[in-house]
Amino acid sequence: MTMCNTHIARTSSRSRMRLQIYLRVMRLLQPVVLSLLCLTNFVFLTDAMYAQSNDADYGVFKERIQPIFLKTRSTHGRCVTCHAGGNGGGFVLQPLSPGAVTWDEEQTRKNYLEVSQLVSPGKPESSQLLMHPLAPEAGGDVFHSGGHQFSSQADPDWQALAAWVRQKGRWEYKNLKVLSSGESLLDVMRTFNLSLREECNFCHTPPDFASDARPMKNVAREMMKMTSDLNAKLGNGTVTCYTCHRGDERPKTVHPRFPNLKYPN
Ligand code: HEC
Ligand code: HEC
Ligand code: HEC
């Protein structure tokens, strides 16, 4: 609405007379005109955004990225074997249709939407999809049930993933209530995973990351607010999820050797 109002004010400022008539008419028609203007703008913007940010990007995904998930590696299983259907944490690929060797267009679209939420546009090293299956010696996460699929960042497939992530446009997140922007969203999410030693689907129901279906997601929102409050009180900004959780879903509150010693409530 604010955008529409400024636009009207700017374009109709030629003469006072015309402005006054214009404003009078506008006031009468305001509800209708404004909702129409905003509605067309909205439809236009979302379509344009989709076309601009996603079409080329989708092409790269389909041609170069998705085949990586089907590839047989000499030392490891194929991503699709474990990740199709939802047994591999938050990375969920569509199951292949019986007898098919690759995904059809509709399945590819779904894979694209899912996988796009596992990467941080512009930042390969903040992207769960790239860091989780990468060997720890090469900067990756310590444990992946599917093994160290990429022994180094020089692996041509890892490089292809990184190139895709680097050119990717900003992703529009739909349901942020605590974070003020989606700019470093995946850094935050990786911090959650690493601090609690959990997977993305501990809080989410992939491929719909915007959904609040899992109550744990709202617990995490409360924890985010509490962590900010603590930092504001201490004034030094050093409290993180890791400060308390240290790799545990539930932080230790009782000393293992002296369980009877208590801090007063
Ligand atoms: C042998 C089975 C197996 C294979 C093969 C496999 N994975 Fe996994 N992957 C898993 C399981 C199980 C998890 C969840 C537990 C964990 O984090 O190890 C997982 C987790 C992940 C995650 C993190 C999801 C989360 O919730 O944090 C990513 C990203 C990932 N895998 C990427 C890949 C990629 C890319 C490939 C192929 C190059 C691959 N995996 C191959 C079994 C596999
Ligand atoms: C401990 C809980 C928790 C874990 C684990 C977690 N997330 Fe989140 N995630 C959240 C919360 C809470 C939000 C909403 C933040 C807000 O409201 O500002 C969120 C938001 C998101 C969003 C934005 C969705 C949208 O469109 O609004 C994406 C994408 C996302 N997470 C991906 C991931 C990925 C990928 C992982 C694994 C690497 C992950 N998350 C791990 C709690 C978690
Ligand atoms: C000051 C210490 C502290 C900090 C900082 C902290 N937590 Fe917690 N968190 C706890 C405690 C203590 C519990 C256990 C509460 C209970 O048992 O009811 C908990 C529980 C949780 C749970 C619920 C786990 C379960 O199984 O029920 C989630 C999810 C969680 N924290 C996420 C986070 C996230 C995400 C952050 C960072 C934004 C964070 N926490 C920061 C202390 C902390």
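**Figure 1. Buried residues of helix α7 in the predicted model.** In this predicted model, the buried residues of α7 are L186, M189, R190, N193 and L196. Viewed down the helix axis, these buried residues fall within an arc of 150 degrees, so they line one face of α7. In an α-helix, residues three or four places apart point the same way, because there are 3.6 residues a turn. The cover over the buried residues of α7 includes α5 (128-131) and α9 (241-245).

**Figure 2. Length and end of helix α7.** Helix α7 comprises twelve residues, 185-196. At 1.5 Å a residue, α7 should span 16 Å, and the 17 Å between its end C-alpha atoms agrees with this expectation. R197 follows α7 and has a positive phi, near 50 degrees.

**Figure 3. Residues around ligand 2.** Ligand 2 is surrounded by 28 residues. The closest of these are N175, M189, C200, C203 and A210. M189 is also one of the buried residues of α7. Classed by side chain, the shell around ligand 2 contains 16 nonpolar residues, together with six polar and six charged residues.

**Figure 4. Helices and domains that contribute to the shell around ligand 2.** Both α7 and α8 (215-234) supply at least two residues each to the shell around ligand 2. The greatest contribution comes from α7, with six residues. Viewed by domain, the shell around ligand 2 takes at least three residues from domain 1 (54-171) and at least three from domain 2 (173-265).

Methods. Residues numbered from 1 in each chain as written. Chains lettered and ligands numbered in written order. Predicted model: local features only at pLDDT ≥ 70, side-chain atom pairs only at ≥ 80, totals over all residues. Helix = DSSP H or I, 4+ residues; strand = E, 2+ residues; numbered from the N terminus. Expected span 1.5 Å × (residues − 1). Buried ≥ 20, exposed ≤ 12 C-beta atoms within 10 Å, placed from the backbone. Arc of directions from axis to C-beta. Contact = placed C-beta atoms within 7 Å. Near = placed C-beta within 6 Å. Nonpolar A, V, L, I, M, F, W, Y, C, P; charged D, E, K, R; others polar. Domains from an automatic or database assignment.
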